[in-house]
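Visitor: I am new to this structure and would be grateful for a close look at one part, the surroundings of the ligand. Please describe that part with care, and then mention whatever else deserves attention along the chain.

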Amino acid sequence: MKDNLKVAVPFADLYAQYLTLKPDMDAAVAGVIQSSAFIRGPYVQKFESEFAAINGVPHCVSCANGTDSLYIAMRALGVQPGDEVIAPAHSWISTTETITQAGGKVVFCDTDADTFTIDTQQVETKITPRTVGIIPVHLFGQPADMDAIMAIAAKHKLWVIEDCAQAHLATYRGRRVGTFGTAASFSFYPGKKLGAMGDAGAIVTADANLAERMGMLARHGGLSKGDHQIEGINSRLDGLQAAVLSVKLPHLVAWTARRQQLAADYAKGLSGIAGIRLPIVAPDRTHVYHLYVIRHEQRDSLAHHLRGLGIQTVINYPVALPFLPAYSRFAHRSEEFPNAHTNQSRILSLPIFPEMTADQMSAVADAVRSFAAPANISA
Ligand SMILES: Cc1ncc(COP(=O)(O)O)c(C=O)c1O
């Protein structure tokens, strides 16, 4: 608590968001408790259909978290031992640990230097006769280059799972992410753009058979109790989380617009500061700013400076996936993934959340500017 008192600008403020919805949130939670609809039931079904509708897809299969959503999708797509799946070198480890868990082999591809999404020029060079699929990640909230990815997938008959954990409602050429791939995974981790009050996740797809298989896998291999067609796992969305998510979902469009406004404010507030590189949005894509990621050559000193002024920052992610001890078996070298390797030591995520005030925004911008003052640059 003591530390919190010193924080001028937190990285996110989930309690502030709760306060904006308190009466509805409290009523929803009380409703679940009164009806004891803790597992499956009406709250889960309601959220599944609402989430499918907002994304413009016919099927939504909820599950326990975003990591499981990737695993379930790959199991349902029939990944076999030795199957290769191409994924970006810079992401959260869920994107790739689930490939291994599903029985496949992770094949890393470098990221684009500026959008941080998978480098589509390189994807094709990674394809072998064992390749079965590609997992583009719409990292930080900006869509990957889906036209290029879907063209490569069609040419080589590969499936595509879009990892939308950070990109709810982002669009590519006017179309929502999650509607391009064979399936798309979402996380509702509390700090995500649509966050539960605990772990939660979902997979969306236009393929009815795939949806049925994913639903079975998430529920011990059967859609009704005692009817186990296959072996599955236990990965269910709680009724309480579903009720919370249904209260929040109608606000997602406005929260997204607010994040975009804050990003525009940052662009103004941080303009002209030497050494700072602002996020770059590729043409025809909307960035929904789950994270506002700037770059600076002295990233660690900048983060330290901001911390001293009570501004919380995060590094998403300080070590790109191929260089983590978890993947030492591949013995990857930095030259294989130059963009991911360079970016990992430059990126810094600044606070951004819909409830962020104008004062908080200028406090961050001023603090960044004060770092770039001549005294610090020569230091
Ligand atoms: C890109 C990405 N994929 C997958 C996940 C996994 O989501 P969860 O934390 O809900 O398991 C996350 C969450 O941090 C993520 O950022």
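Guide: The model shown here is predicted. In this model, 14 residues surround the ligand, and the closest are Gly66, Thr67, Asp163, Ser187 and Lys192. Sorted by class, this shell consists of four nonpolar, eight polar and two charged residues. Two helices each supply at least two residues of the shell, namely helix H4, which spans 66–76, and helix H5, which spans 94–101.

Particular contacts may now be considered one by one. A polar backbone atom of Gly66 is 2.8 Å from an oxygen atom of the ligand. In Ser187, a polar side-chain atom lies 2.7 Å from a ligand oxygen atom. For Lys192, an N or O atom in the side chain is 2.6 Å from an oxygen atom of the ligand. On its own the ligand has 390 Å² of accessible area, and the protein covers 92% of this. The space that the ligand takes is the largest pocket.

As a rule, most residues other than glycine have a negative phi, and most peptide bonds are trans. Arg173, which is not a glycine, has a positive phi of about 45°. Arg173 lies in the loop between strand E6 (171–172) and strand E7 (175–176). Arg173 is called partly exposed because its relative accessible area is 48%, a value between the limits of 20% and 50%. Tyr289 likewise has a positive phi, near 50°, and is a residue other than glycine. The loop that holds Tyr289 runs between H10 and strand E10 (292–295). Tyr289 has a relative accessibility of 10% and therefore counts as buried, since that term applies under 20%.

A peptide bond is the next point of interest. Asn316 and Tyr317 are joined by a cis peptide bond, with omega about 10°. Tyr317 is in the loop between helix H11 (299–308) and helix H12 (338–344).

The last stop is Asp265, which is found in helix H10, residues 252–269. With a relative accessible area of 24%, Asp265 is partly exposed. Asp265 and Met361 are 96 residues apart along the chain, while their C-alpha atoms are separated by 7.7 Å.

Conventions. Residues numbered from 1 in each chain as written. Predicted model: local features only at pLDDT ≥ 70, side-chain atom pairs only at ≥ 80, totals over all residues. Heavy atoms only, no water. Near = heavy atom within 4 Å. Polar contact = N/O pair within 3.5 Å; in protein donor to acceptor, adjacent residues only side chain to side chain. Areas by Shrake-Rupley, 256 points an atom, 1.4 Å probe, with all protein chains shown as cover. 1 Å grid on protein atoms, 1.4 Å probe; cavity = no way out; pocket = protein on both sides within 12 Å on 5 of 7 lines; lining within 4 Å. Sits in = over half its atoms within 2 Å of the grid points. Helix = DSSP H or I, 4+ residues; strand = E, 2+ residues; numbered from the N terminus. Nonpolar A, V, L, I, M, F, W, Y, C, P; charged D, E, K, R; others polar. Buried < 20%, exposed > 50% of the residue type's maximum accessible area, 1.4 Å probe, protein only.
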